[in-house]
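Subject: Structure handover

Hello,

I am passing this structure on to you.

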Amino acid sequence: MSDLNALYTPLEKIPQVHEGLKKAFRSGKTRPIAFRKTQLLKLCHLVQDNLQRFKDALLADLGRPANETDFLELNGVLIEVKKAYDNVEKWASTEKPPFSLFWFSMSPHIRKEPKGVVLLISPFNYPVYLLLCPLAAAIAAGNAVLLKPSELCTTVAALLTELLPKYLDTEVYEIVNGGVEETTKILELPFNHILYTGNGNVGRIVATAAAKHLTPVTLELGGKSPCVIDPDCDVKVAAKRIMWGRLVNSGQLCISPDYVLVPKDFQDTFVEALKQAYEELHPTDPLKSGMLSRIVNERHVLRLKRLLDNTKGTVVFGNKVELSEREIFGPILPVVPVKDVDAAIEFINERDNPLVLYVFTRNRDFKKKVLNNTLSGTASINEVIMGCQAEGLPFGGVGASGYGYTTGQAAFNTFTHMRSTVENPTWADSLLLHARYTPYKSAPLRRLTWMLRPSIPPLPKD
Amino acid sequence: MSKLEYTSLDEIPKIHELLRAGFKSGKTRPVAYRKHQLLQLAYLLKDNRQRFRDAFSADFKRPYEESDMLEIDPSIGCVVEAYDSVAKWAARERAPFDQLWFAMSPAIRKEPRGTVLVVAPFNYPVLLLVNGFVGAIAAGCTVLLKPSELVPSISGLLAELLPQYLDQDLYRIVNGAVPEMTKILELKWDHIFYTGGGRVAQIISIAAAKHLTPLTLELGGKSPVVIDPGCDLNVAARRILWGKTINAGQVCLAPDYALVPKDFQDTFVAAMQRAFNEFFPTESPRPGVMSCIVSQQHASRLKRLVDETKGTIVFGGQVDVEQQFISPTVVKDVAGDDVLMSEEIFGPILPVVPVKDVDEAIEFINARDSPLALYVFSRDSAFKAKVFDNTQSGMAVANEVVIGMAVHGVPFGGTGASGHGYSTGKWSFDAFTHLRATFDNPSWVDTLIFNRRYPPYSVCLVA
């Protein structure tokens, strides 16, 4: 791993970078759609031209197999950036609301305007995807952007710092590197939007700093994503998908299945299925095969070891397992036996709203019951993880898992101010609106009232 | 003015608990029940129109006609719109067809965020409460309402009527001032919808951050009016003066100050004088014909602005702090650093700032916080486009003031210091709704498409 400290942005330079972005935004450079499209295309090429270097960087920082990086990180980035490139004209075009008899004469429209200078703070686990996808949305929306990649992935951060100026316009898109001190400095400055992806503790710090400037915030946090198992499911497929989801990136994924809820008498069957799935996925010990990512750093390894050492559950295979209050973020899968689906629902509802709720079942009523009685960022049936990249679906948390949305057009809207415009022709006053002026005259007011006062449906008879 | 009864501090967490239990009970889930409650709210307003008119008169000396036209009727309209549309808004949406994902039935469920807080300001204390409240009811949330203590008759009336019309397990009011508000903010809400000023917005934002609570902030600012000499001057003057006299200019969307070319200033203020004479042909404005300032504190604040301005008062300038009444006032030759330019005026005083040309006007606006509304009076499309394209604001309005908020189909929301998030119509519903994406992946998808995701990764798959 390279020494990122050498790359850390000097503290006194940070406000200068911010000023530069502000000025550049004010210049209007990012307004033309053509400019944004060019930048987005260049961002596509930034990734595409350097696929091997990104894979090498992620192997260096996280020990992640190249295949996984392709499928779960780089493909995803290219899809999102290309999507922004293809859709920016449509997303950015002024909208007209549906026709309304009373208001049409005022030509109401909704202009899509960039918010200004936005800040993106990304985490260590998918350091490319979780930085470049929001970057694409922010570019498409016409903003200037300050990027703060995770300092825990030093090779990736260094690579991005090297490549960004080679491809993108550095007047409006800049990277700042650093740790807590540098991030604190950044957060003192006013931004027009902040997107933070990470954990709840830092999420609170970011939201508090933003509050001082009344900055709108999007928080993509994590949480304990439960899997509810109905014995009437495709057990083999369920076990395989869950095991796969738990192990990609060694479980360091905010949408990873965090723990499993099964009926007591089904636990042994399901655990056996999980064991089989694991053996299929990793026939060779991962320490030898290199098919499993590393935990990002020693601090996290020790954290996970502590969970394992303190569990009161029974280890089935691998290592000991414990259920803790915090998101596990490691390749440990607790299995929690419950009486029935009602108990599972209660278990989930006693805890913070998760980012994803997973349900494995073939039964429509079972699915409906769980969904209707819980709240989560997203809900995935018979699948893990991949729905986040699904076309047309907004991805975002709720409650402790965060707020705001970060995919596709929803992400574009995150970085956009919808500026409504209306225009009132002169004749509107002579027709009706003259009644609003003092001295009030009853006849014109009656006419205006007749137009404005809605009729209320009658109350139903009890 | 009547004395407002404040909720006891011990009661507040209990009410919060009760509302959480109300949400958990699932009572708000059926859309039919939300519609029923919305209808009840409409009748709460309709049945008690005279009492509301009287309460506005007691708190503001606001004329009945103004209360009807600008508060009570729009509030009812807001409720009826939600009643008519909630089923559509709350319906699950399907994602548009995509060949890679269609097999997984991607859809978006509209889920209520939970138990939410709606805080209303003093100036349009019913409309701006209803604006948030209606969205929260439609979204299926349980709601705590915190009206303004500066309008005790209105807030007392709301506290009296709410239990008579709406389900007390789901919708409650807390009245009070700073200690009560502080207590409320210690508790965990699933969304806070605040309409008011920037200073309190900061306090609320910091409190919300502790619980990771999302916010909608409908704030204010100094909404500029840019005058093109080629505009229809008489209409412009009338509309601008109207924006300053309704509610005595205590409107977040009021035209705050005007920017005119230097050599047009006198023509402009003469038009303002003519409009004033039209509005008050026989007698000078007085309380009851025009609204009062909401409190002595605010009246004193405005008196200071009038006393300390270095501009020239064209007409008006009479301030009666005890009566809390200020006559419509126009001040010309106001400089950028004048006391009238130091804060949002929120009173019936119009500073006129002479500038060289429209470029200077744009520069003047951009040197300041993004306003809630930007007003342009012009008949020239190029002029309007130039101003709108080179500035930022919550709303951009040509040849009108204030009523942009009432227009159906467009979102109302500020940017920068004027706030974030949107309200009115479907946007109020969206503020309190979580879009929960769902998909359902049949087993066969792995055999067809996604089998390659599983390790062991074969060598040929590694790029």
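This is a predicted model: local features need pLDDT of at least 70, side-chain atom pairs count only at pLDDT 80 or more; totals for chains, interfaces and linings use all residues.

Residues are numbered from 1 along each chain as its sequence is written, chains are lettered from A in the order in which they are written, and side-chain values use heavy atoms, without hydrogens and water.

In chain B, an unreviewed UniProt entry annotates residues 11–436 as "domain: Aldehyde dehydrogenase"; such annotations may be inferred rather than shown by experiment.

Chain A is assigned domain 1 (4–221 + 407–418) and domain 2 (226–395), with bounds from an automatic or database domain assignment. Their centres, taken over C-alpha atoms, are 30 Å apart.

Between these domains of chain A, 22 residues of domain 1 are in contact with 25 of domain 2 (heavy atoms within 4.5 Å). Together they bury about 2,000 Å², 50% of it on carbon and sulfur atoms (accessible area, 1.4 Å probe, lost on being put together and summed over both parts). On the domain 1 side, Leu62(A), Phe124(A) and Thr407(A) lose the most area, together 23% of what that side buries.

No salt bridges are found across this interface of chain A (a side-chain nitrogen of Lys or Arg within 4 Å of a carboxyl oxygen of Asp or Glu).

Regards

How values were computed. Buried area is the accessible area (1.4 Å probe) that two parts lose on being put together, summed over both.
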